[in-house]
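Student: Could you walk me through this one, feature by feature? I'd like the general idea each time, then the case at hand.

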Amino acid sequence: MEQWGINLAYAGIAVTVLFAGYGSALGVGLSGQAAAGVVTEDPGKFGKSVILAALPGTQGIYGFVIGMLMYMKIAGVDQLTVAQGLQYLIAGLPVGIVGWLSGIWQGRVVVAGMGILAKRPEESTKGIIYAGMVETYAILAFVISFFLVNNIR
Amino acid sequence: MGISRMKKIQIGALQEDLPQLSKILQNLGVIEVTGFAESGPEQGAAFQTSADFSRQIAEMDRRLAEIARALSFFDQIAPVKPNIIEQFAGIKTYITSAEREQFLAKESRLTELMAELQRCETELSQIQAERSKVTALYETFSVWENLDLSWEALQGNSNIQMILASVSMLSAESEAVFKGLGIPYYLEIVSENQNGTQLLLSFEREHYPEIQQILGKINANVVHLPDYGSSVRAKLGELQKELARLDASENGVREKVYALKGERSLLRVFYDYYLSEKTRLESLEQFAYSHRCFMMTGWIQEEQLSQIETALKRNNIRYVMEEIQPEPDEEIPTILKNSKWATPFEYLIHSYSLPQYKEIDPTPIIAPFFFIFFGIAMGDAGYGLILALICAALLVKLKMGPMGRRISWMFLISGFGAVIFGLITGSVLSLENINFGLFNPLENPILLLIIALGLGVVQLFLGLFISAYATIREGRWMDALCNQGTLIFFLAMAILVMIKDAIGLSLYSNTLMYLFLIAAAIMVLANVRGKKGILGFIGGILGGFYNIYGTIGFFSDILSYSRLMALGLSGGVMGGIMNQLAWMLVEGIPIVGWLLGATVFLFGHCLNLALSLLGAYVHSSRLQYLEFFGKFFEGGGKPFTPLENKQKYTFVINEREA
């Protein structure tokens, strides 16, 4: 039974890093494809397209940071109760799941933003802002996950 | 400060001075030319509203197209690699105005250069055409390489006829068909490959019809080779030599063009010159003309009026200038004008939307907030310093246009925001054994959250006050009091009620509660103002309650500022992880570990710096655009676009910078 506490905590770390990372990978994948299209037409837009394409990458970072915090907390501990393990798992869910979905949707917004960059490059900052709006929810989830992890005794 | 005061002026002068006067105005670049209204009283019957410059404009277009073509030809043969700034700003040639004059004096060289490039381009396309002809011929002959008859022998004599044929596959059956014919013939397989078989057939001339029939049956095509002289092999060698010759001459032409690439600047300077000329001619179409005079009108910044007078007087141009009243519904162009420190932050406004002429310029207000927000979101003194140093280096090393300089200055200044906040929190490259600063965000994240939300409260209330001020400025005192005034009172009370315990006002909790209810009541009642009848009254009350419900949006805006804390924390944790990884390598592996550790440290922090920078910029500006501007800013102003010299490829800098 003692083992289950640690197992659950590991599952928590996995869920956090896995889902958020998956969302970012998909988001960056989508936006990278669109960016490549824009650069085919005009290689001069590489710089701006990189900024846009990098935006959905942050969810993965948030997941990684929370996962790392969890790891650092349990690294020195030999035993965890099942309740504690479950707390780790639950604490990882907000950033894991919101990071996953918001990463994908942010990627889609960025793909549309690439259209702005291609056709009206002077307005491309607005595309960045639209993508940034999706990020809000990943950030909120990150904040909650952070406090939850911090609170586990 | 804020938005420059604009004046509308009208200038009249003699037609003989038209080219000179318009060029002077263009060089000054201070006046935005507008057209005359259809039935403007100032025109009078003597003026006709338009003149035809289309022929001259078309001439400019022709020259521009020629130069653009030459430039793209250059790019094809000698492409330019853009550096990191040019990735963003486009490649420009930076010249001083003296150099520009020197370039413009060489118009004859331009003609020569263009003719030369044209010649090279024609030559290249000729070589291309010839090459494809030779290649096609080579392909035709190459399958017949083993044919050892000369072309003359292939023509046969009066008795014997020889033909060449190619067939996709020669089966035993088709050979049987030949044999079954019962006439003497000779068949030789010249070559065989996956594309088909090449045959040489010889027979008596009289049997040609039968042979033809059989060839049709086995789907063979008769091939007529052009005259190749003594042998196909020799011909192939000749063709190869021909191809090599063509390659050499193509390289020769390319090298010639490549050697000319130093003169690309000449093309670019002239492109911009003709583009400016075209713009000037187009603006002339907006002037009004009489028999001997012309009249123009446009917008100018108040303090630049004297510049026009001095310039025109210096050039001895006789003119009349007067200030006129704009049309009542005319849109006045906006140009921002701020102090030295706030000017770099104008970039944030430009990439959102310019304020309308009557609005307040938010630049000086958002500048300090952006500075602080950026500092918290980046949150590391080391990163801030590196960013500031990079920007300083860019400013010193690279020549940039005004927008590039503004962006660099903005990040330079904001980098110091991160330095300050990093020092407050004792965070330098997230190193652990540094223990100074007022608090550690990782140990006390709640304090960081409170700071972030507190800044949000301050900025959002400021937004409401600005919106009230703008209403008052329009002379609508009562509106400001009833809308923004009651809202501010209500929100302030609501916040006090929420945080009364935390700030030690719990003793007054009842008083605060009453004040809050009174504020809510006032807000509902204020909404009734100006509504008529009993239905209007009820509608007003309901609307008032709806307004209270709408204040939830205000609180969600405040919560949005928590992103500052999240960005600061995630950057800090990420940096800490990089340090740990690096240290693990140093401790784990002897000697080589130091090298690996240093690599991980450098690479990791570079990555984290880039991500922090991206996040800090995007989210600090988003807080201005969505949360703050939402409270008072309308935007949609028409940017001031003076008649000036166009700079698509070149950028004229003053001698000092060069």
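Student: Let's start with chain A: how many helices and strands does it have?

Tutor: Chain A has 5 helices and 0 strands, where helices (H or I, at least four residues) and strands (E, at least two) are DSSP runs numbered from the N terminus. Before going on, note that this is a predicted model: local features need pLDDT of at least 70, side-chain atom pairs count only at pLDDT 80 or more, and totals for chains, interfaces and linings use all residues. Residues are numbered from 1 along each chain as its sequence is written, chains are lettered from A and ligands numbered from 1 in the order in which they are written, and side-chain values use heavy atoms, with hydrogens and water left out.

Student: What are the dimensions of chain A, and what share of its residues is buried?

Tutor: The C-alpha trace spans about 60 × 20 × 20 Å along its principal axes. Of the 153 residues in chain A, 48% are buried; buried means under 20% relative accessible area, exposed over 50%, partly exposed in between (1.4 Å probe, protein chains only).

Student: Which residues have the most contacts inside the largest nonpolar core?

Tutor: A nonpolar core is a set of buried Ala, Val, Leu, Ile, Met, Phe, Trp, Tyr and Cys residues joined through side-chain atoms within 4.5 Å. The largest has 121 residues, and A:M114, A:F142, B:M565 and B:Y617 have the most contacts inside it. A second, separate core of 69 residues includes B:M60. Contact means heavy atoms within 4.5 Å, and, leaving aside neighbours within four places in sequence, B:M565 is in contact with residues including A:V143, A:F146 and A:F147.

Student: How do helix 5 of chain A and helix 21 of chain B cross?

Tutor: Axes are lines fitted to C-alpha atoms, for helices over the stretch in contact, and angles run from 0 to 180 degrees between N-to-C directions. The axes of helix 5 (residues 124-151) of chain A and helix 21 (residues 562-588) of chain B come within 9 Å and cross at roughly 70°. The two helices are therefore roughly perpendicular (65 to 115 degrees; under 35 is roughly parallel, over 145 roughly antiparallel, the rest oblique). Among the residues that meet there are A:F142 and A:V143 from chain A and B:M565 and B:L569 from chain B.

Student: Where is B:S620, and is it buried or exposed?

Tutor: B:S620 lies in helix 22 (residues 592-632) of chain B and is buried, with a relative accessible area of 0%. Leaving aside neighbours within four places in sequence, B:S620 is in contact with B:F370, B:F373, B:F374 and B:G615.

Student: What is the phi of B:I591?

Tutor: Most residues other than glycine have a negative phi. The phi of B:I591 is near 55°, a positive value in a residue other than glycine. B:I591 is in the loop between helix 21 and helix 22 of chain B and is exposed, with a relative accessible area of 71%.
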